[in-house]
Amino acid sequence: MDTQFLVSLSIIIASFALYIGIAIYNKAKETSDFYVAGRGISPFSNGMAIAADWMSAASFIGMAGTIMLLGYDGLAYIMGWTGGYLLLTFLLAPQLRKYGRYTVPEFIGDRFESHSARMIAALCTIIISFVYSIGQLSGSGVVIGRLLEVDAKVGTMIGVVLIAFYAAFGGMKGITWTQVAQYIILIIAYLIPVVFMSLQLTGNPIPWLSYGKIVGEFQQLDQQLGISQYTDPFLKGSKWQFLALMFTLMAGTAGLPHVIVRFYTVSTMKAARWSGAWALLFIGLLYLSAPAYAAFSRFILIKNVVGQKISELPAWTEKWINTGKLQIADANSDGILQWQEMVISNDIVVMATPEIANLGVFVIGLVAAGAMAAALSTAGGLMIAISSSFAHDIYYRILRPNASEQNRLLVARISIVAATVLAGLVALNPPGVITQIVAWAFAIAASTFFPALVLGVWWKRSNAAGAIAGMLVGLVVSLGYILAAKYGGFSVAGIVDTGAGIFGAVAAMLANVVVSLMTKEPSQSVQEEVYDLRYPEQMTYKDGQVWMR
Amino acid sequence: MKQIDKKVADSYFRERVRLIAIFLIIWFIVSFGVVMFAESFKNMTFNGFPFHYFMGAQGAVVTFIVLLFINAKVSDSIDKKYGISEEKNEQLSAGKALDH
């Protein structure tokens, strides 16, 4: 056991103690508190909680590496995962807040006056959140496993216990404040290494301003090495794949139930708008830094690693070669490392940066704690979404309308534990690469909830039959395209499985509109409620008149 | 509770929708628009970056953040213009949740 291990472990344990302490302190007592934190969270804090909810293990550990390996094509993730907040804040969040329900399936069930729609929406919520949480759990397994020097599977199981514990006992209120703490820890952990790296390489401590120079230098460096240009567009996939992936991630963002439910925790429509703005600012800090990480790491690899004698590589490379995350093979046996002779895993860029830049044991431990915060916070939010869909929408609203509050809380807690354990079991042998699984969750959300919610809020003529047809068509088309593209080699214009959301969303939109127009219009009271969403809380629409309260 | 002219309420809604439409057009141009013509921006540089790369890595994201804050700010002033009080909104929405 070395110093590094002890330092990393104590930082992680200290941060966990903080999260669990907050969760216990806020132990939810009432159902209303459990789901939406009593609706009294300020937009600023809510923005941080959304940001922590949002930024998963894949964003924290994997994104910078993905950009380094994909070059320009990796930027679809940067724009896609930020641009969706505009769709959400402009088109959905304030209106959903005014409608005032606990969960997304509840909105869909009440707006379309249909238990079938509610049921389908609850099932979609569970499918999307479950798929997403598999990625989080296996991500936390990698970090815990590496740190404790145990198998990633054991790490995953430790993660399952932690998540089940604080999600079940804290509820959303515990989670909101826990997530604020997690955001602060993860953003500090993400920024410190990149700031120091910027200082070392460019003499300027502000990475966002300084890394342009490095990116500019790649043109010449790549030419010398004879490799494809870092910034040239569409080398790894077609332009249509880039656009389709970007759309899928944006629309998926606006349809993710665990993100939307965050907007139910604010007090008003105005607060929902400000929450969206703060959230994207906090998220942007990390997303603007990821390409800087990518550029700095690539620069160091080209300058200090490539072209060196294989026997004289810097000391930090050895450790990563031992983990299998960095592979080096002297293909032409000249004793010198060429770019092509090196295979780098996405995961090492952020995790290895503190070592590359020689930042010491404390920063390395902090980065590990930040990665854990990212994985756990997202998984916690997902588990709340799953449990509220089950306990609230299916159990209480459909199966047992007269269940007592205590009884419902118990069902909510049991379903969190069950969902976490189940997702953990799947995460032991994940069905694909983590970023791929995450993109599937976005494709399904973009194809089911996004069209149903946008039409439900903006078009009063949309009815139950239309919403049900839309969600089912979206689900079938997106799942069908994912399977056909992944296993059948099927593709349209070079669009692969991760871009499936564009087809699902368009098909669902059309199905919703066509079926709605072919069937009876919704009841007068529902149409009035939808019309009412045009105005702030103080204005009410009734019988063709607008009243001011 | 007093009735207000439907035309006033409609013009509130129109102002909000116009704002959203303008923001979404800008949103589309800085992200999808730039990607569609990425090849033609290759030789322009900005702060050391090729322009298309700058837009993907920084320009679009910063634009998104700025648009959200402008939206929040301008929407507040529209609310104010129509005499909407946030205090009243908070009061009204406090009891808005379903009763369970």
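Reader: How many bridges join strand 4 of chain A to strand 1 of chain B?

Author: Two strands count as paired when at least two bridges are found between them. In this predicted model, strand 4 of chain A and strand 1 (residues 2–4) of chain B are joined by 3 bridges, and the two strands run antiparallel. Within strand 1 of chain B, B:Ile4 stands opposite A:Val546.

Reader: Which elements give two or more residues to the side of chain A that touches chain B?

Author: One begins with the totals: chain A brings 46 residues to the contact and chain B brings 50 residues. On the chain A side, two or more residues come from each of helix 5 (75–99), helix 9 (207–225), helix 10 (239–255), helix 12 (269–305) and strand 4 (545–548). Helix 12 of chain A supplies the largest share, 11 residues. By class, this side of chain A holds 26 nonpolar, 13 polar and 7 charged residues.

Reader: Let us turn to a single residue. Is A:Pro233 buried or exposed?

Author: The general idea is to count neighbours: a residue is buried if 20 or more other C-beta atoms lie within 10 Å of its own. A:Pro233 is buried because 22 other C-beta atoms lie within 10 Å. A:Pro233 belongs to the loop between helix 9 and helix 10 of chain A.

Reader: Which residues does A:Pro233 touch, not counting residues up to four places away in sequence?

Author: With those sequence neighbours left out, A:Pro233 touches A:Tyr72 in its own chain, and B:Ala38, B:Glu39 and B:His52 in chain B.

Note on methods. Residues numbered from 1 in each chain as written. Chains lettered and ligands numbered in written order. Predicted model: local features only at pLDDT ≥ 70, side-chain atom pairs only at ≥ 80, totals over all residues. Contact = placed C-beta atoms within 7 Å. Helix = DSSP H or I, 4+ residues; strand = E, 2+ residues; numbered from the N terminus. Nonpolar A, V, L, I, M, F, W, Y, C, P; charged D, E, K, R; others polar. Buried ≥ 20, exposed ≤ 12 C-beta atoms within 10 Å, placed from the backbone.
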